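Dear colleague,

I am handing over the structure below, and I would be grateful if you could read the notes that follow alongside it.

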Amino acid sequence: MEASSSILSPSHKEEQSSMAGLKEIKGRIKSVKSTQKVTKAMKLVSASKLRRAQERITQLRPYALKLRELIGNVVSVLDVEEIPSKLVEVRDVKNILVILVTSNRGLCGPFNNNILKHTTEFLTEHHEEALKNGNVKFLCLGRKGFDFISRRGYPTIEDKSFDVLSDLSFDVVDKTTDIAFDMFLKGEVDKVYLMFNEFKNVMSQVRRADTLLPLSVSDLGSEEEDGLNSDYIFEPGREEILTDLIPKSVRISAYRAVLESNASEQGARMVAMDSATENADKLLKDLKRTYNKARQAAITKEILEISSGADALANA
């Protein structure tokens with residue numbers, strides 16, 4: 001009896017191992033299917049948010065471009081010294097503020113990594129000494145950017161990220177723009193950059209490093225016309241108009257950057273979730289194929305054992 005038990009033991013162990021392997025594969029298939037449901041849902045949510053984000057950008061762009069065109073017409077016959085705004089004052093750049101726009105959450109492919117890498121490369125190339133000396137401060141709109149900057153020990157504003165994406169409105173973004181205005185007008189910083197992803201289409205985002213302050217007079221005007229038309233009678237005068245419109249143009253530029261980044265984030269997340277869903281399909285096919293092979297091998301082995309047992313009984 002002991003000899004018989006020892007002979008059957010390896011076979012019994014192999015059977016248990018085979019059953020455990022099949023159970024493990026079934027568990028993995030179930031897990032992948034569950035994950036695939038999540039990625040599909042996230043793709044649909046991102047698609048819906050992207051549509052709304054695109055609509056907001058489409059509505060804002062004509063206003064922003066016309067505003068810049070109007071300012072360009074007003075300043076086209078003025079010297080920079082005659083413009084009644086300190087927001088166009090060009091200084092020697094010693095201290096810099098970077099408004100870094102990222103997302104609060106991940107699962108959006110290379111969206112955050114691209115703009116963070118671009119920011120580091122841009123500052124290293126143009127302001128390496130200021131960056132090393134701690135003269136570059138960051139105002140982070142988005143938790144991912146704040147985490148990245150904090151890990152590298154760069155100084156940030158108020159030691160926190162500003163959540164403008166949960167309630168994305170002009171008033172919320174404008175509060176962070178006020179911080180940049182205040183620091184520039186007080187002379188605490190000499191230049192303010194906007195780092196963000198500009199939305200082109202679902203598959204493409206352009207990394208931007210725009211100068212927010214001082215406002216460049218030479219860049220003002222229409223993006224659709226070659227020349228500026230300054231043959232207007234202004235009421236009130238040019239100075240009063242510029243005093244009101246220049247700060248408004250800067251604020252609109254900041255708001256537009258956040259909207260562009262938000263649309264880029266949703267597009268990147270939608271593409272990432274679509275890719276994840278497709279990869280889950282491929283993985284499921286491979287797992288099902290592996291499961292069927294293992295199951296077929298187990299069945300074949302059982303048939304052989306039954307046949308061998310029947311032959312042994314017949315020959316006994």
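**Salt bridges**

K132 and E128 both belong to helix α3 (residues 128–132), where they sit four residues apart, about one turn of the helix; helices here are DSSP runs of H or I with at least four residues, numbered from the N terminus. Their side chains meet in a salt bridge at 3.3 Å, N to O, a term that requires a side-chain nitrogen of Lys or Arg within 4 Å of a carboxyl oxygen of Asp or Glu. K132 is exposed, at 65% relative accessible area, whereas E128, at 38%, is partly exposed (buried is under 20% relative accessible area, exposed over 50%, and partly exposed in between, with a 1.4 Å probe and protein chains only).

Please bear in mind that this is a predicted model, in which local features need pLDDT of at least 70 and side-chain atom pairs count only at pLDDT 80 or more, while totals for chains, interfaces and linings use all residues. Residues are numbered from 1 along each chain as its sequence is written, and side-chain values use heavy atoms, with hydrogens and water left out.

A second pair is R251 and D178, whose closest N and O atoms are 2.6 Å apart in a salt bridge. Because R251 lies in helix α6 (residues 238–315) and D178 in helix α5 (residues 170–185), this pair ties together parts that are 73 residues apart in sequence. R251 is buried at 18%, and D178 is partly exposed at 36%.

Over the whole structure, the search finds 15 salt bridges.

Best regards

Key
Helices (H or I, at least four residues) and strands (E, at least two) are DSSP runs, numbered from the N terminus.
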